[in-house]
Structure formats: structure tokens, C-alpha cells
Amino acid sequence: MNSARSAISLALAALAGCLMGALPATAQQSAPRPHIVYIVADDLGWKDVGFHGSDIKTPSIDKLAREGARLEQFYVQPMCTPTRAALMTGRYPFRYGLQTLVIPSPMRYGLATDERLLPQALKEAGYRTVMIGKWHLGHADRKYWPRQRGFDYFYGAVLGEIDYFKHSAHGVRDWYRNNEPVKEEGYVTHLWGKDAVARIMEHDPKTPLFLYLAFTAPHTPFQAPQEYLDQYQHVADPTRRAYAAMITAMDDEIGKVLAAIEKKKMRENTLIVFMSDNGGTTLAALAGEGDVSKLKLPADNGPYRGGKGMLYEGGTRVAALANWPGHIKPGEVKEVMHVVDMFPTLAALAGANTSKGKPLDGLNVWSTISEGKPSPRQEVVYNVEPFRGGLRKGDWKLVWRTPLPSALELYNIAQDPYEKTNLADKNPQKVAELQKRIEELAKESAKPLFLVETLRTVKDQMAKVPPALPNEDAYFAQHD
């Protein structure tokens, strides 16, 4: 009896072995869940990295680009807060009111707390979630802060811009560790890089890590340590010199982070993503809350039209890459993807549940990133606001400005990526098709919180001021 059972067991084992041998290697051994290091630059020009031909020194970023996938049609929202919200939610910001501008320091709103964020999903899947850097998704109430939104650890600033040496905005310190204010000295970019290294070195590699490292560089104010300014003495314009120095300082910190990952023997199982939150700033009014009207703005978006705040490619197509040794094929990926796609893509790699929250706009683009396969994304929503909309379907892109006098601009991005030739008059049917889609999305939109809060503030201020009517007694005295 025992010999019969042994024979059956051996036969079943042999059959299982044959079946397993017939399966592809990926089915035999599931890929380990990666550590994820997601790095964001702030207001970085498309061309202001070495791998896009810049004279600004970015050797660490360039190495990641050379050995990974250069994502050459990676789209974001035209400004900071909307892009960061899209990354965290996997949903377009027009769905929850963060589509217009950013969250200014006097405003009290934030990213709606009924939105389920990427760190929450990853934390539930067993990841340690760490955020270092700039948040800018709500600051006036701690319910909006990173520790309340799924991050185990937070070190950085909650506002949109701070002094790089004083760690303050409008004279108020904006510097926290785990919700507690911190007073310390140092250059912001260096402090964040140093802390990222510390968190990596203390991490147990057996637990998957999600590190969101969001630099403020090279956002205004244009400030850099002297040793970095000295590297660009040949640059005549002082603003461009400081801007370049800020980028190189950030690149150095990224290099230190990579070295720490190598030292912890985590590199072979770490996915690194790098991107800018929008195009480089070309309009002083959109540079930030500080006055830069007298400066020559330094960002270079290369051949692309426009910059930060605009629906053109220069504002929304950004420098981006992904790198994971052995898992991502090195080279250029020209397929279309949007920052909302990163939520479902990272969640799938992490084994995280994406069905608990609201319906995602993002699509899983892992095969596109890793192998350059065709992207599942056929539509890009540049933005939908009460006064404008931008949409791309396939190769066709419509920019529609609705305030009178209204304007329609239609471009074939495959043939005209630099948006030089408006084809709206020659393609009325395509214009109508894209307008209809923008109208549909507008009906799904939440009211922009920036406009709601602005109107409320104006209303409150008006209630405190008496009407500016003529002095009736003086009038009748003159005309009696």
C-alpha cells in the first residue's frame, strides 16, 4: 500500500514537473515585489537634463536614463498641485476640484479626504511608505497632510515653495518631521537627500519600500550653495546660473540615494521613476508667489511650445524615465502615457488593491514602460476647467479657450509636436468631436476649489466693507 502511494506520488510529481517545464519562466517564479523610489523635480524644463542635450550637469539622472527607459511622451498636468494629486490618486484632478492653478498659501482647501491615495494602497499591501520633500496637497488642516494620507514617515514642507536656506514661506517656517515642526540649518535639497539616504540605510530590505522623494528644485526662489554656483561661473545670466546650480545639487543628491540603495544591496529589486511635475516656467505670473517679474526666466523646454501653466506640450510633456535593472529594457519609449497611469501600474507591481477607491482614470502601462509595447492610452486630458480645456485623442490635440473671444487650436501631434500649425479651420469635424468629449468631461467635473475659495474670500471681504456709494448729503448740498 505504501509503495503504491509512493508510486502515485512520484507519478504526480513527474507530471507536475512536466507541466511546469511547459510553462514560461515567468509563470514558474513570480517576480519579487519591487522597492519603489519615485523622484519628482519641480518646474524642471524639458531640456534641462543632460539626456535631453542640456549643458547642465546631471550625471546621476543621465545614468538612470541611459540604463533605463526614457519616457518621451510622458504627460502631466500643467501645474504642480494638479500633477501631484493625479499621481497620488490615479484620477484626473478635475474630478475633485484641484484642476485650477495650485493651492496658494492663504487658501484652506486640500486634496479631498475621500480620495484613496497611492501610499494607502501600497501600505495595505505591506509596503513601508516614506515621503520626503514637498507635499502641496493641502496645508491648512492636518487632515490633508502626508501622515494622515497613508505615509508612515514624512519629512519636508507642506506648502508649494520655501526659502532654500531659511525653510520658510512668507516668514513662516514650513519644515516638519512626522507632523512636528523642526528647526535646523542646511540647504533644503541637501537635507532631503541626506534624509532619504538615512531612511534607506535603516530600512529592512525584506519589507518592500515606497519612497516618494519630491524635491522643490529648481522651483523659485532661485537659490543654491556657493560651491554649486561656482560650477557655473561661465553662465552670464545670474538667474540661469542659480537655476543650473540647483539642478546639479539635486542630481548629486539623487546620486547619493542610488549609492545608498546599492550599499543596502537593494538595487536589483528597486524600480526608480523620475519626472518633473510640469514644464519649466516661462511666464513670471506662474513662477510662484515670489516676484520674479524683473528676472529672465531660466527654464528651457527645448523645441516644445509654452511652459508651466499652459496646455501646450511645453507645459505638460516632461522629462521622465523609469529604471529597474533586468526588468526594464533600456532605450527610448515614445508611447503616450500620463501621470495618472502610475497609480495602477505601481499598484499592480506591488500586488496592491485598486478597487477600494473611486474609479481610476489611470491605465496599467507596465508593458509599455518595461518593453516599449504599444500604450493602452488613447486619450490624454491635459485639463478641463470652466475657462479652457485640452484633450488629445490619438494624434489629434485640441486646445479650447472659452472666455470671449474664444479660441480653438487643433494640432496633429505626431506630425507637429511643436504645435506650429493650427489645423482647426481645415478639420471642423475633428474639432467638433474633441469639443464634444471635453463637454462630456466638463459635466463630470467638480467645481475648481481655487475659484470657490477665491469667491468666498472676496465675498467675506466685501461683507466687511461698506458700499462705496456717493455721499448723499454732500450731493444735495451742492445741488440744492
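Let's start where strand β16 (residues 388–393) meets β17: the two run antiparallel and are joined by 6 bridges. Strands here are DSSP E runs of at least two residues, helices are H or I runs of at least four residues, and both are numbered from the N terminus. Two strands are said to pair if DSSP finds at least two bridges between them. Across this pairing, Arg392 stands opposite Lys397 in β17.

Before going further, a word on the model: it is predicted, with local features needing pLDDT of at least 70 and side-chain atom pairs counted only at pLDDT 80 or more, while totals for chains, interfaces and linings use all residues. Residues are numbered from 1 along each chain as its sequence is written, and side-chain values use heavy atoms, with hydrogens and water left out.

Moving along, β17 (residues 396–401) is also joined by 6 bridges to β18 (residues 407–412), again antiparallel. Here Trp396 stands opposite Asn412 in β18, and 5 residues lie between the two strands of this hairpin. Step back and you will find an open sheet of 4 strands in the order β15-β16-β17-β18, with antiparallel pairing. Its edges are β15 (379–385) and β18, each pairing on one side only. Helix α12 (residues 428–443) lies across β15, β16, β17 and β18, running at about 65° to β17. Such angles run from 0 to 180 degrees between N-to-C directions, using axes fitted to C-alpha atoms, for helices over the stretch in contact.

Now look for helix α4 (residues 80–89). Because 10 of its 10 residues are buried, α4 is largely enclosed by the rest of the structure. Buried means under 20% relative accessible area, against over 50% for exposed and in between for partly exposed (1.4 Å probe, protein chains only). The buried residues of α4 pack against β1 (35–41), α5 (118–124), β4 (128–134), β10 (209–214), β11 (270–276) and α10, where contact means heavy atoms within 4.5 Å. Just after α4, Gly90 takes a positive phi of about 70°.

Finally, turn to the largest nonpolar core, which has 72 residues; Tyr38, Leu71, Phe74, Phe210, Tyr212, Leu271 and Ile369 touch the most other members. A nonpolar core is a set of buried Ala, Val, Leu, Ile, Met, Phe, Trp, Tyr and Cys residues joined through side-chain atoms within 4.5 Å. Helix α10 (residues 342–350) gives the most to this core, with 6 residues. Leaving aside residues up to four places away in sequence, Ile369 touches Ala69, Leu71, Ala322, Ile328, Val333, Met337 and Met342.
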